[in-house]
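User: Hi! Could you walk me through this model, from the overall fold down to single residues?

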Amino acid sequence: MTVSYNLFEQVYDCLMETDLDQKVRQLQLLQQYWTEDAFSFEPTKTIHKVPEAGRPLKPDLVPPKDLPRRRLGSKEGHGALMHSILHIEFNAVNLALDAIYRFQAMPREYYRDWLGVAGEEAYHFQMVREHLYHLGFEYGDFPAHNGLWVTTYETDHDPLVRMALVPRTLEARGLDVTPSMIHKLRAIGDKRGVEVLKILLRDEIGHVEVGTRWFRYLCEQRQLNPFDTFTDVIKNYFHGDLRGPFNFEARQDAGFSEEEINWLKSLETA
């Protein structure tokens with residue numbers, strides 16, 4: 001098939017799309033074009049900064065401290081928990097798309113990996129959205145915060161910093177907190193919610209591993225020590241304290257080194 005689509009232009013259009021269903025359709029088309037070898041990889045003349053990726057008008061975005069606290073035992077509390085997970089999955093689609101568009105001088109395998117991640121995150125979004133609908137709610141019915149995207153915007157200058165901070169730090173927190181959320185959903189009898197979160201946990205290990213692999217690749221390219229570089233990025237870019245509990249087994253499966261695991265253990269006991 002004759003190459004006819006610029007990968008970065010097509011991904012940018014999908015990244016900026018605000019309609020949920022249309023964004024998913026565009027992403028499916030991106031994956032189809034990839035399998036048909038229909039992309040060119042010519043860098044765009046301009047790489048736009050994206051202070052806010054395409055999203056629907058709802059949910060309202062508020063600072064994390066302003067999110068209302070709800071008891072999980074109530075219908076609203078149950079819905080609010082699933083909505084917060086749904087919002088993370090929606091952001092994760094945009095995060096993966098931006099990782100492709102933003103950094104246009106990486107190997108082709110990098111784009112294959114992140115397009116695959118975007119597809120899995122969209123599948124997660126649809127799955128959690130369906131479950132939330134059965135609980136009586138839709139995406140946008142609760143407020144949410146935008147911390148993930150703010151960090152993405154702050155790391156748009158360097159793929160090494162992005163890989164260290166977004167998949168290996170912020171998204172890796174999902175590996176840490178999902179087991180406790182599974183426990184909570186099991187306690188209130190939400191069997192489908194438990195099944196969904198188990199799928200998310202399994203796939204997110206792979207997504208963090210993608211971030212780990214490309215972080216290490218960039219460290220090797222620049223002749224940097226991966227451990228020192230990772231801890232430096234945390235020190236210079238991470239807002240707040242990195243604290244446990246940590247899911248060490250999942251992080252090992254996601255490619256964290258023994259040195260990194262031991263460092264995280266020292267933070268947990270500090």
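This is a predicted model: local features need pLDDT of at least 70, side-chain atom pairs count only at pLDDT 80 or more; totals for chains, interfaces and linings use all residues.

User: How many helices and strands does the secondary structure of the protein come to?

Analyst: Residues are numbered from 1 along each chain as its sequence is written, and side-chain values use heavy atoms, with hydrogens and water left out. Helices (H or I, at least four residues) and strands (E, at least two) are DSSP runs numbered from the N terminus. Along the sequence the pattern reads β-α-α-β-α-α-α-α-α-α-α-α-α, and the secondary structure comes to 11 helices and two strands.

User: What radius of gyration does the protein have?

Analyst: The C-alpha trace spans about 55 × 45 × 30 Å along its principal axes. The radius of gyration is taken over C-alpha atoms, and the globule rule is 2.2 Å times the number of residues to the power 0.38. For 270 residues, a compact globule would come out near 18 Å, which agrees with the protein's 19 Å.

User: What percentage of the residues count as buried?

Analyst: Buried means under 20% relative accessible area, exposed over 50%, and partly exposed in between (1.4 Å probe, protein chains only). The protein exposes about 13,300 Å², of which carbon and sulfur atoms supply 50% (Shrake-Rupley method with a 1.4 Å probe). Of the 270 residues, the buried share is 51%.

User: Which residues of helix α1 are buried, and on what part of the helix are they?

Analyst: The buried residues of α1 are Leu7, Phe8, Val11, Cys14 and Leu15. They cover an arc of only 125° around the axis (by directions from the helix axis to the C-beta atoms), so they sit on the same side of α1. Their packing partners, in contact when heavy atoms are within 4.5 Å, are β1, α2, β2, α3, α4 and α5.

User: Is leucine 81 buried or exposed, and which residues beyond its sequence neighbours does it contact?

Analyst: Leucine 81 is found in helix α3, and its relative accessible area of 17% makes it buried. Its C-alpha is 9.5 Å from that of leucine 132, 51 residues apart in sequence. Leaving aside neighbours within four places in sequence, leucine 81 is in contact with Leu72, Met181 and Leu185.

User: What value of phi does aspartate 37 have, and what about glutamine 223?

Analyst: Most residues other than glycine have a negative phi. Aspartate 37, in the loop between α2 and β2, counts as exposed at 52% relative accessibility. Glutamine 223, in the loop between α8 (191-221) and α9, counts as exposed at 76%. Phi is positive in both: about 55° for aspartate 37 and near 55° for glutamine 223.
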